[in-house]
Amino acid sequence: MASAATKQAKAQMTYAHAGVDISAGDRVVKLIKPMLRRTHGPRVFGQHGGFAGMFRLDFNEKLFKKNYRDPVLVACADGVGTKVKLAAEVGVYNTVGIDCVAMNVNDLICVGATPISMLDYIAVEVPNPEILEAIAEGLRVGADQANVSIPGGEISQLGDMIRSHGDRNGFDLVGMAVGSVGLEKIVIGADIVDNDVVVGLRSNGVHSNGLTLARKALLGPGAFSVHDTAPGLNRSVGEELLAPTHIYVPEALEVLDKVPSVKALVNITSDGILNLRRVRAKVGYVIDALPPAPPIFALIQKYGEVADAEMFSVFNMGVGFCFVVAPEDAEDVIAIAESHGREASIIGHATTVNPGTVSIPAHGLIGEGKAFRRVV
């Protein structure tokens, strides 16, 4: 039989004692609300704290009717992955907020949609105001770059699932974004034909895919710490790996508006350049003019002893986003990208030979399914 003291202790048990401090969570929410409210604009109704965020599909009714007859709502969800672990190791938290926005809006534009709004979900062991404020600042910066609102989100205390390691604060960060596109303007790559060209926009590094392999290669025994510099880098290894994913929304929307032959838009994330295969047309691709990859990839390959086939199966290898267009429109796409500060070039072409494959002749590779293999 339980003692009186034990019964009293059980009676005094609180949610905070169990590991969830509601008051601390509320204090953090109040801290970051003003920051994210700056993303709202005239599309957003209500305010943070309600049961759901609300927004108009477009606050310019005339523009909406012109561009979005028979509108289709588009949605996607994605996270930052193990890049959050790296952020905790380096102690820099604002850049992953940008990544969270980028990973979502860069997918939305691949069907021709205009991103409108997104929500964030942050899971923590305990709510650390400084860390959460830095993450929120990154979300705000990313939202500004993508011209989307963040009308709400969630901070969840999951001490039973997410653990800190020493002074490293454990957390997870994901987002969900919505956009809209007129039914007649959806782009799915159905009409790609032989010799259409692939225009690649350069990445600024690893972005947010392959971080588990990158960390194992560069931060393992005999390699570097997050604060070390490495040959070819102008900043520490940790800072280089944390470089936020480019947001390609402004240039993509301008290409969609001004270039008549846009056949496909492809976000180069997991599976690398093999993402070209996700279009509807039954074609293959020859990628024969890749730009030089940022130095971080050579370091990963060297210190992790990673084969070429694995590198191209996992990483973007210097190309963050692609457009497939008719040859005569390639220079217009390049000019638009460069006007937004992006480096762009023709990196290859579509082919009806070996449909469903991606070949990279300079590296002796051919890709099918989820992986590249060396051509014998």
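Two strands count as paired here if DSSP finds at least two bridges between them, and the elements themselves are DSSP runs numbered from the N terminus, with helices being H or I over at least four residues and strands being E over at least two. This is a predicted model, in which local features need pLDDT of at least 70 and side-chain atom pairs count only at pLDDT 80 or more, while totals for chains, interfaces and linings use all residues. Residues are numbered from 1 along each chain as its sequence is written, and side-chain values use heavy atoms, with hydrogens and water left out.

Strand 7 (residues 197-202) runs antiparallel to strand 10 (residues 319-325), and 6 bridges join them. Within strand 10, F321 is the residue that stands opposite L201.

Strand 12 (residues 358-360) pairs with strand 13 (residues 365-368) in the antiparallel sense over 3 bridges, and I360 has L365 of strand 13 as its bridge partner. The hairpin that these two strands make has 4 residues between the strands, and G364 there takes a positive phi near 65°. Strand 13 also runs antiparallel to strand 14, joined by 4 bridges. L365 turns up again here, as its bridge partner in strand 14 is R374. Strands 13 and 14 form a hairpin too, with 2 residues between them, and G369 in the turn has a positive phi of about 65°.

Strand 3 and strand 6 (residues 171-182) run antiparallel and are joined by 9 bridges, with P71 standing opposite G182 of strand 6.

Next come the helices. Helix 7 (residues 129-146) has 18 residues and reaches 25 Å from its first C-alpha to its last, close to the 26 Å expected at 1.5 Å a residue; the expected span is 1.5 Å times one less than the number of residues. At its start, a side-chain oxygen of N128 comes to within 3.1 Å of the backbone nitrogen of E130. Just after helix 7, N147 takes a positive phi of about 60°. Buried residues in helix 7 include I131, L132, I135, L139 and R140, where buried means under 20% relative accessible area, exposed over 50% and partly exposed in between (1.4 Å probe, protein chains only).

How does helix 6 (residues 94-108) pack against helix 7? The two meet at an angle of about 40°, with their axes 6 Å apart. That makes helix 6 oblique to helix 7, since angles under 35 degrees count as roughly parallel, over 145 as roughly antiparallel, 65 to 115 as roughly perpendicular and the rest as oblique. The crossing is right-handed, a term used if the near helix is turned clockwise from the far one by less than a right angle, with anticlockwise being left-handed.

Finally, two single residues are worth a visit. S313 sits in helix 12 (residues 308-314) and is buried, with a relative accessible area of 8%. Its C-alpha atom is separated by 9.8 Å from that of N275, 38 residues apart along the chain. T229, in the loop between helix 8 (211-218) and helix 9 (237-241), counts as exposed at 57% relative accessibility.

Terms used. A polar contact is a pair of N or O atoms within 3.5 Å; within protein, one must be able to donate a hydrogen and the other to accept it, and residues adjacent in sequence count only if both atoms are side-chain atoms. Axes are lines fitted to C-alpha atoms, for helices over the stretch in contact, and angles run from 0 to 180 degrees between N-to-C directions.
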